[in-house]
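Subject: Pockets and cavities in the model

Hello,

Here is the structure we discussed. My notes on its pockets and cavities follow below it.

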Amino acid sequence: MDGNAMTPKASFRNDYSEGAHPRLLQALAQASAEQNAGYGLDAHSTRAAQLIVARLGQPQAQVHFLVGGTQTNLLAISAFLRPHEAVIAVASGHVATHETGAIEATGHKVLITPHVDGKLTPDGVRALLAENTSEHMVKPRLVYVSNTTELGTIYTKAELQALRALCDECGLLFYLDGARLGSALTAEGNDLSLADIAALTHAFYIGGTKNGALVGEALVVVEPALQADLRYLIKQRGAMLAKGMVLGAQFEALFEDALFFELGAHANAMAQRLQAGLKAAGIALLIHSPSNQVFPILTHAQIEALAGVTSFERWSPHSDTHAVIRLVCSWATREDAVDALLAAIGHLVR
Ligand SMILES: Cc1ncc(COP(=O)(O)O)c(C=O)c1O
């Protein structure tokens, strides 16, 4: 992008291209020089869990550190459901589209309904409840949402309250996938706190992998009735790291001050700079995203030319002549990389 073919070009493909924030690496180096108890029972995991719980206003909440998003979703969902019970998600939901049938492989169907700007609505939930009414069908039991959504949009407090009220009315569990929760909670227009998420869901997870950690997600189980034997289930699925301190030390560094939120805010700021620049260049967007993912609509020729200077996700077809791509900024994206990308795109559309 800078004209030197030998210089690596910044990628906008995803938010897990970089390793870990230096403070997390430092915490890891320090923890690895110690002797730590195994399987998540080390002092770092204990303190990290305490730091997270202290932000929730739910002292009974349990925290389990896991490795990845798919693993966390399948572990939590399969632990929470009985054999005949099913998940409700939007058609674009990560569990429905990008987890290789991991939930179904645990024996639980994922029922899908259309999204509105990436989000699940109470009407969508009601439609699936109306379609699945007897023991000849699966029984809808868990409502899955992700914040941010697959389109980078965020839920408002009122939207989550409406979904939770419906869950309570219909005896459903409410689970939130927070792979990008750091970005969601620091996005423009966000009115939710971590404590709100804990108050409104039965369980959720806090994504580390996409927000400065080398690897790791923190599953928070708020509802006591869902907490029993989770460590057995985690171990049985091979998800209990012997060196659990690798996860605990990173979450300790993310939550001992506001680093988790600062990293999310940085990713958002870079993406918003990019989105504003695209708009100024007259480029249409699939949707206005307030978070760290941006979805410009370009011609096929522009997309092919752009692929020569940076990498990105080809998102969806749009028309005979145009398609949507996804550009993602991370905790480590540099302002000059964003500006170089905007200059390259500006050149293409001129
Ligand atoms: C919302 C959401 N959930 C879950 C995942 C899965 O995470 P992993 O790739 O670590 O399994 C992702 C990853 O892209 C995601 O965006």
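The largest pocket has a volume of about 430 Å³. A pocket here is an open set of points on a 1 Å grid over the protein atoms alone, with protein on both sides within 12 Å along at least five of seven lines; a cavity is a set of points where a 1.4 Å probe fits but cannot get out, and lining residues have an atom within 4 Å of a point. Points are joined across faces, edges and corners, and a volume is the space filled by probe spheres set on them.

This is a predicted model, in which local features need pLDDT of at least 70 and side-chain atom pairs count only at pLDDT 80 or more, while totals for chains, interfaces and linings use all residues. Residues are numbered from 1 along each chain as its sequence is written, and side-chain values use heavy atoms, with hydrogens and water left out.

Lining the largest pocket are 24 residues, and Tyr16, His94, Glu150, Arg180 and Lys210 lie nearest its centre. Two or more residues come from each of helix H3 (69–80) and strand S10 (313–317), and H3 gives the most, with 3. (Helices, H or I of at least four residues, and strands, E of at least two, are DSSP runs numbered from the N terminus.) The lining has 4 nonpolar, 12 polar and 8 charged residues. Ala, Val, Leu, Ile, Met, Phe, Trp, Tyr, Cys and Pro count as nonpolar, Asp, Glu, Lys and Arg as charged, and the others, Gly among them, as polar. The largest pocket lies between domain 1 (10–18 + 260–349) and domain 2 (22–257), because both give residues to its lining; the domain bounds come from an automatic or database assignment.

The second largest pocket has a volume of about 300 Å³. It is lined by 17 residues, with Gly40, Val63, His64, Phe65 and Arg231 the closest to its centre. Strand S1 (62–66) is one of the elements that supply at least two lining residues, and S1 gives the most, with 4. By class, this lining has 10 nonpolar, 6 polar and 1 charged.

The whole structure holds 2 cavities of 30 Å³ or more. The largest cavity has about 60 Å³ of space, and its lining includes Val90, Tyr144 and Glu150. Strand S4 (residues 139–146) gives the largest share of that lining, 3 residues.

The second largest cavity has a volume of about 50 Å³. Among its lining residues are Asp15, Arg180, Lys210 and Asn292. Domain 1 and domain 2 each give at least three residues to this lining.

Regards
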